[in-house]
Number of protein chains: 2
Amino acid sequence: MNEMLGVARWGAPAAAVSLPSDVRDLLGAALGVSGPRPAASTAELPAVTLSETALERLRAACPVVSTGDEARLSHAAGKSTEDLLRLRAGRADDAPDAVARPATQQQVADLLAACSQLRVAVVPFGGGTSVVGGLAARREGFAGVLAVDLAALDRLVHLDRVSRTATFEAGVRAPRAEELLAAEGFTLGHFPQSFEYASLGGFAATRSSGQASAGYGRFDRMVVGLRAATPIGLLDAGRAPESAAGPDLRQLLLGSEGAFGVITELTVRVRPAPQARDYAGWSFPSFDAGADAVRALAQDGPLPTVLRLSDETETAINAATGGPQADGCLAVVGVEGTAEEVADRSAALGRRLTALGGTPLGAAPGEAWQAGRFRAPYLRDALLDEGAIAETLETATFWDRLPATYAAVRDALVRTLSSSGTPPLVLCHISHVYDSGASLYFTVVAAQAEDPVAQWRAAKAAAGDAIAASGATITHHHGVGRVHRPWYTREIGDVGVAALLGVKRALDPHGILNPGILLP
Amino acid sequence: MNEMLGVARWGAPAAAVSLPSDVRDLLGAALGVSGPRPAASTAELPAVTLSETALERLRAACPVVSTGDEARLSHAAGKSTEDLLRLRAGRADDAPDAVARPATQQQVADLLAACSQLRVAVVPFGGGTSVVGGLAARREGFAGVLAVDLAALDRLVHLDRVSRTATFEAGVRAPRAEELLAAEGFTLGHFPQSFEYASLGGFAATRSSGQASAGYGRFDRMVVGLRAATPIGLLDAGRAPESAAGPDLRQLLLGSEGAFGVITELTVRVRPAPQARDYAGWSFPSFDAGADAVRALAQDGPLPTVLRLSDETETAINAATGGPQADGCLAVVGVEGTAEEVADRSAALGRRLTALGGTPLGAAPGEAWQAGRFRAPYLRDALLDEGAIAETLETATFWDRLPATYAAVRDALVRTLSSSGTPPLVLCHISHVYDSGASLYFTVVAAQAEDPVAQWRAAKAAAGDAIAASGATITHHHGVGRVHRPWYTREIGDVGVAALLGVKRALDPHGILNPGILLP
């Protein structure tokens, strides 16, 4: 039995937020949330199954291997609501037996060789921010489970100012990467909700997309080169921005979630750090009207750096809980660049958005959004404390299917949670746009049922079925992990699964890499 | 013995060009080209090894299967200079035993099932424009070789005006696809040198990139969905523009050159047909200065639709042979879009290029380039007729390595061909730019040696070695085929090869798909 060490929450304890009393009142009145739930102060860790001989062999590959409770508990789960609920209930059954902290890329390779030999399952661990069960390897059939924490691989290896690329070790956390780049006048421009803790290797392994994706692109499109350690050797991909030399091996490792190898180094496009920023709020009479407008920007421009559109519910809830005031649907439109670029583009956006039926709300809503952009996971903790369940899920599809997917997912969540006696609030926004389609990001809040894990699983399954039935993808930027696997395998079909299992067998013949994650 | 049917040339006989007498004089004076070479008027086809029983089984899958000489000869090779030289010498040893022309995607799937059962090697055939030996399957170990010509799969299946995507059957030729789209007010915007004959499936299978890639993107980035028939079943990929649902399976099939499956359907991004065009010429004092300028546009904009920069030699040779007159290095800068966009962007480009040291040459060079944009392969035939050898090769790398790659490839070509007594002209241009790097496209002209195939192979090998040693990719947009395979396998390394062979074994367990192409 161990101290919980704050692992059942997001972020540093000092950054925790509490809910304003009017929000608590609203939760009670609207959702029937009945107040604080007790959480376990300790968690049960499974017994370590790795032998001393095995641990010695691992330590020969990488000197720092810990079997201490603190190390195990802090690598026991990701940060999905289900992960947090289980930890709050004192359950840490997915904890690894040991945690290795390699100091060099060679140590990662040596660990994989040792684990292959010992039949030890390997969970690559970056920032630990998975929300899809991506850190919970299958234990059956293995001598044990080793988390390989890449945090010490945090160097900027090379900055190429001419090509505007930066080569990083994959364990570097996003804020540190931005700090290292800022000192040289550059930015990566990747700011997902997990920004404060996530690592670049994790972004790559899960095909992350950040809040500024309209301007800087998805993470998978930023990667021009990568190096991965596999049980059969090193893979080095990317000799040019683009190539016709066969299938794109970078795109095979991106999204592979540790099942094919451990990404140890990444070369990413970087951009000059912006000198100016202009974030503004706009309102649209309806989600449909707003979606047409953001589609027009995505297809014909001008495209801002950040582009988000909340639906009516999200707009109203934000306004009712101290956020920006807006009628209809709120859009946040942010532009970054040189002072001249920002002035020109903001002016062009203003003309275009007005023509598209938008009403300008000025800088306040944009600045409010920017100030609170990483706040949601802290709010979730406060909601869980209060006896609510709160979680997000997301998808993407082509523009023509978007309205149907939106309606189907919303309906599935409302129906499932209402039928079990906990009618939810379902909020949605569009936050990643492409010329041919966009993402939908849903936030769900309801009163906790007796078994909140089962409650959420039922809602999540209904949403997943609705996504699949509407022809959309099961995940736009969270990844597959263990949670999305059933829908994922249906999405790519038998032939897709066979292709990826072919890669898996070739690179990881003993199947030690993140077993149970991504692939069946 | 058979009529050559024009297969040893590019394009329709009526479109053939002849060299002006001053060009012929220049070839003689500068390169020692000694005048017309005789070409065989007939070619020897290998005996058909497929049994009548096998042919019956194939015809049960797809009624149209021909073993006629004309069909076999017209599918015997691609359009590399080596292909043409061999055909001109009467050698058609890579001809398939038979040519199937499926009328439906289902017939393609049925053919693959039949060929798997019969151990017949399958060569998917689109436009037949491969310049890397991509249509010359290994025959050993198979009951025979079947070319699967997809020309009858040429329908526009669906146009989604909202998402701006078009779904085509993969055999559609590029001009027909543009014609179908133009009728609806759209364009694909993909105009490689092979445009007049190449198919969309071929673009996908080889990761083609067109002359307007700066504006419309590479073909692999246009594909949002694809369907491929494999011996184990159908693969259907792409439920959203982008997804975090595992590795990108589209990017695994793109560039797979028929080794993993036959692409039967593609969903591609389309754009509104441009209302206006403005193509202009610019000159820069040197290739280095011009490269810095195009890099500045690629990194900070504005980006035109077409952006090309010739080196000093290409500029001088073009000027001396009736092309645009320019000092130093000629750049072609083309802008397409609405009238307003074109006016705005052309003005912005004018200001920026002037600031970057460019001298405007007006519309004439841009229009001349546009008028002759698909002319090079016809000129090559005329050069071969005249006793010259003429071929192109290309690569791409990051900006910081580009000058070294340029020098190394040039030197390798000059050194190798000079040492065998046929000093070449080596021309080069940059025609595809990215923020982190660019392509280099070389054209080589020399007098034919006694054995021109061996002569070119030696030069090509030296260039390939120089590309690899400089850290660049062996091909930016021509593909791997049989010609680039040795450098390709070194480029992706043992682990990369193992990964792709893993896919191959899974999807094509009997190894019938394009054996010898792409993979060892």
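Q: How many salt bridges are counted between chain B and chain A?
A: This is a predicted model, in which local features need pLDDT of at least 70, side-chain atom pairs count only at pLDDT 80 or more, and totals for chains, interfaces and linings use all residues, while side-chain values use heavy atoms, with hydrogens and water left out. Residues are numbered from 1 along each chain as its sequence is written, and chains are lettered from A and ligands numbered from 1 in the order in which they are written. A salt bridge requires a side-chain nitrogen of Lys or Arg within 4 Å of a carboxyl oxygen of Asp or Glu. Between chain B and chain A, the count of such bridges is 10.

Q: Which residue of chain A forms a salt bridge with Arg269(B)?
A: Side chains of opposite charge can pair when their charged atoms come close. For Arg269(B), the closest N and O atoms of the pair are 3.1 Å apart, and the partner is Asp435(A).

Q: How many residue pairs are in polar contact across the interface of chain B and chain A?
A: A polar contact is a pair of N or O atoms within 3.5 Å; within protein, one must be able to donate a hydrogen and the other to accept it, and residues adjacent in sequence count only if both atoms are side-chain atoms. With both residues at pLDDT 80 or more, the number of residue pairs that the rule finds across this interface is 36.

Q: Which helix of chain B contributes the largest share of the side that touches chain A?
A: By class, this side of chain B has 34 nonpolar, 24 polar and 20 charged residues, where Ala, Val, Leu, Ile, Met, Phe, Trp, Tyr, Cys and Pro count as nonpolar, Asp, Glu, Lys and Arg as charged, and the others, Gly among them, as polar. Helices (H or I, at least four residues) and strands (E, at least two) are DSSP runs numbered from the N terminus. The largest share, 13 residues, comes from residues 485-507 of chain B, that is, from helix 18.

Q: What area do chain B and chain A bury between them?
A: The contact, meaning heavy atoms within 4.5 Å, takes 78 residues from each of chain B and chain A. Buried area is the accessible area (1.4 Å probe) that two parts lose on being put together, summed over both. Carbon and sulfur atoms carry 59% of the total, which is about 5,900 Å².

Q: Where does the C-alpha of chain B nearest the axis lie, in Å from it?
A: With copies superposed by least squares on the C-alpha atoms of residues with pLDDT of at least 70 in both, a rotation of 180° with 0.0 Å of shift along its axis brings chain B onto chain A (RMSD 0.0 Å). The two copies are thus related as by a two-fold rotation axis. In chain B the nearest C-alpha is that of Gly502(B), and its distance from the axis is 2.2 Å.

Q: What omega does the cis peptide bond from Gly301(A) to Pro302(A) have?
A: Most residues other than glycine have a negative phi, and most peptide bonds are trans. Pro302(A) sits in the loop between helix 11 (287-300) and strand 15 (306-310) of chain A. Its bond with Gly301(A) is cis, with omega near -5°.

Q: Is Arg207(A) buried or exposed, and at what relative accessible area?
A: Arg207(A) is not a glycine, yet it has a positive phi of about 55°, and it occupies the loop between helix 7 (200-206) and helix 8 (213-216) of chain A. Buried means under 20% relative accessible area, exposed over 50%, and partly exposed in between (1.4 Å probe, protein chains only). Arg207(A) is buried, with a relative accessible area of 1%.

Q: How many of the 11 residues of helix 15 of chain B are buried?
A: The buried residues include Tyr378(B), Arg380(B) and Asp381(B). They pack against helix 1 (21-31), helix 4 (81-88), strand 18 (388-398) and strand 20 (437-447) of chain B. Helix 15 (residues 376-386) is mostly covered, its number of buried residues being 8.
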